[in-house]
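Hi,

Here is the structure I said I'd pass on. Have a look at it first, and then read my notes below.

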Amino acid sequence: MDTVYKKKSAIYKIFLFICTATLIVYLFPKGGIFKYEFAKGKPWQYENLYAPFDFAIAKTEEEIETEKKRITDNIIPYFEYDTIIANTAKESYDEAFVSNLKTLSQSSSRDQAKLFGRILLNDIYRYGVLQEAYSYGNKRQIFLNKGNKAEAITFGQILTPDAVTKLINSRIDKSEYIKFKSGFVALFFDLVKPNVRLNDKLTESTLENELAKVLTTRGGVSRGSRIIAKGEVVEGDKLQILNSLKAEYESQVWSDKNFYWIVLGYCLLVSLALMMLLLFIRKYRKEIYANNAQVTFIFFNIIFMVLVTTLVVKYRSDYIYVVPLCILPLVLKAFFDSRLGLFTHVVTVLILGFVVPNSYEYTFLQIIAGIVTILTISESFKRANLFISVGQITLIYIIAYIAFHVIHEGSISNIDWTTVVLFVISGFATLIVHPLIYAYEKLFGLISDVSLLELSDTNSVLLKELSNKAPGTFHHSLNVANIAEAAANEIGANAMLVRVGALYHDIGKMVNPTYFTENQSASGNAHDVLSPKESAKIIINHVIRGVEIAKKYKLPDRVIDFIRTHHGTSSVYYFYSKEKESNENANIEDFKYPGPKPFSKETAILMMSDSVEAASKSLKNPTSSLIDTFVEKIVTKQMENDQFINANITFKEIQQIKKVFKRKLTNIYHLRIEYPE
């Protein structure tokens with residue numbers, strides 16, 4: 001159990017690695033991968049390809065859609081004839097005739113007029129009257145259902161209400177009953193009711209049956225036939241045959257017999273990619289590798305991007321470019337650095353290359369976009385920078401897509417503008433990176449430049465309290481922040497993080513502010529009534545109190561690190577010397593800070609800045625040469641005491657930092673260059 005406890009970090013990483021690889025493979029669409037890569041308009045780079053088995057040639061989407069459109073346009077619709085309405089009109093005719101044509105006095109004329117009207121009514125209802133308007137042409141063939149019998153007629157044979165009116169007027173005008181026209185018109189107005197409508201269900205059912213008969217293949221290729229020769233351009237029928245072979249091959253490979261072998265292959269490739277990322281972190285980002293929460297965060301982002309992309313591939317593969325994959329390097333750069341962000345992005349794109357269509361084109365576009373993201377975005381906490389970067393990313397996407405299109409099609413005349421719109425949408429979707437960063441900060445306890453900017457506000461509650469309780473310490477912290485920030489910029493460290501750490505590094509002095517010289521007045525020194533050990537304890541305890549206050553105000557761990565390390569394991573030498581005057585056996589360990597020592601460039605810079613700024617207050621008549629000497633003395637002593645042994649800082653960088661200190665202190669004291677007498 002002791003061994004397991006000591007190795008718990010490594011065991012957790014192995015568990016995380018296995019879970020991530022397994023989940024990614026599980027998310028992959030279930031299908032094999034064709035062993036040849038080809039693209040439209042490019043020459044076949046392999047040896048002559050012969051059909052490994054018999055297979056049918058699949059029709060293109062355009063061919064299938066054209067055929068379906070032809071069937072849809074030519075489908076014979078079914079119309080329903082309501083015989084009840086027609087019979088009701090015919091049965092009501094005699095009674096309606098009498099009431100509307102009373103002026104016909106002679107019985108013989110009345111009988112002939114009645115017969116004239118009945119013939120006209122029968123003609124009207126021969127094929128019926130439409131209840132609604134339809135967009136069919138008059139010559140369009142249709143089926144008219146009368147009871148259980150369907151009659152094939154043209155659409156124009158069915159009368160519309162307007163056609164009925166014209167027919168009535170035309171017949172009456174040509175007859176001997178024109179003087180009774182108003183009576184006949186009134187008669188048919190009361191009797192004639194529309195009785196024909198489109199049978200939607202039957203028409204749709206017929207259309208579906210016809211569409212279901214559309215074949216998705218045309219012809220076939222027999223085993224052993226040559227499909228394409230080396231050097232031939234992949235286009236036209238060759239392209240369609242290759243796509244058909246690819247689809248058939250992938251469906252045959254992914255069978256129950258080969259399932260586990262293919263899954264094993266995917267697992268090995270995904271594991272290899274994740275292993276390269278883990279080795280990169282272990283070798284070049286040791287502090288991240290040692291932090292399991294940060295490693296988990298990186299792997300979580302990879303899983304998240306794979307999940308979103310595979311869902312899009314599964315449901316709408318033509319929308320693949322709407323996934324804002326550039327969020328990944330932006331997020332990782334916000335919390336870590338550019339190199340880790342780019343490396344992780346490349347590994348993720350390589351993994352996604354297994355499942356996306358046109359994998360080479362997709363991989364090229366996403367890697368180029370990731371590089372542009374890393375190179376263009378700086379100071380992401382500034383909103384303008386993010387908008388500019390998003391615009392550049394979108395432009396790169398569009399340019400690269402047009403270039404691929406020209407290679408494949410040979411012109412720009414038929415560019416798919418829908419894909420261009422998808423790139424624009426993807427660019428705008430990248431803007432969700434700010435709320436996403438905020439959520440990640442809360443979930444994983446990380447800190448970004450945006451949070452650092454908020455913490456650097458001197459109007460925050462904690463810094464206001466510091467300025468009220470310990471104004472001298474607050475002023476000292478501001479000076480240290482300015483000096484440390486300039487030094488961090490000089491050597492390429494995280495200047496924003498150093499500044500925030502410097503502002504909060506002495507908040508523990510609020511507990512006993514008068515025991516620190518910068519807050520003391522001329523009336524006296526509180527240490528005069530204390531023993532050296534008691535004084536040293538109060539001084540040393542400001543680190544512990546600072547950590548407690550920082551945790552109470554929920555400052556991020558990376559900021560608390562500056563409080564813990566800004567004195568390292570150095571000693572309160574003044575009080576140790578006083579103790580030794582009265583006690584030769586004084587133990588220096590009683591006068592040392594608990595540590596730890598600085599373990600990064602940023603914490604090392606703060607330690608140097610804090611010591612140099614505090615010591616500069618003891619200079620009575622500062623000169624340029626005096627400042628140079630005491631800066632060298634302080635930093636050299638810290639180096640001799642191995643205070644920077646755990647920090648990844650070089651001698652060259654320390655020399656650069658000392659130059660910055662000398663320049664900044666010279667400016668603070670407004671010193672002029674000393675000229676020889």
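Helix α22 passes α29 in a right-handed crossing. Bear in mind that this is a predicted model. The axes of α22 (residues 471-491) and α29 (residues 651-668) come within 9 Å and cross at roughly 140°, which makes α22 oblique to α29. On the α22 side, the contact is made by N482, I483, A486, A487, E490 and I491; α29 brings in E653, Q656, I657, V660, F661, K664, L665 and I668. Sorted by class, that contact between α22 and α29 has nine nonpolar, two polar and three charged residues.

Next, the nonpolar cores. The largest has 64 residues, and I24, L274, I298, F299, V331 and I351 touch the most other members. Leaving aside residues up to four places away in sequence, I351 touches I24, F28, V270, A273, L274 and V306. There's also a second, separate core of 35 residues, with F116, L130, I158 and L187 among them.

And the backbone? The peptide bond from G595 to P596 is cis, with omega near 5°, and P596 lies in the loop between α26 (573-582) and α27 (601-616).

Two non-glycine residues worth a look have positive phi. K554 has phi near 60° and is in the loop between α24 (532-552) and α25 (557-565); K554 counts as exposed because its relative accessibility is 74%. D642 also has phi near 60°, in the loop between α28 (624-640) and α29, but at 39% relative accessibility D642 counts as partly exposed.

Cheers

Technical notes. Residues numbered from 1 in each chain as written. Predicted model: local features only at pLDDT ≥ 70, side-chain atom pairs only at ≥ 80, totals over all residues. Heavy atoms only, no water. Axes fitted to C-alpha atoms, helices over the stretch in contact; angles between N-to-C directions. Helix = DSSP H or I, 4+ residues; strand = E, 2+ residues; numbered from the N terminus. Parallel < 35°, antiparallel > 145°, perpendicular 65-115°, else oblique. Left-handed = near helix turned anticlockwise from the far one by under 90°. Contact = heavy atoms within 4.5 Å. Nonpolar A, V, L, I, M, F, W, Y, C, P; charged D, E, K, R; others polar. Core = buried A, V, L, I, M, F, W, Y, C linked by side-chain atoms within 4.5 Å. Buried < 20%, exposed > 50% of the residue type's maximum accessible area, 1.4 Å probe, protein only.
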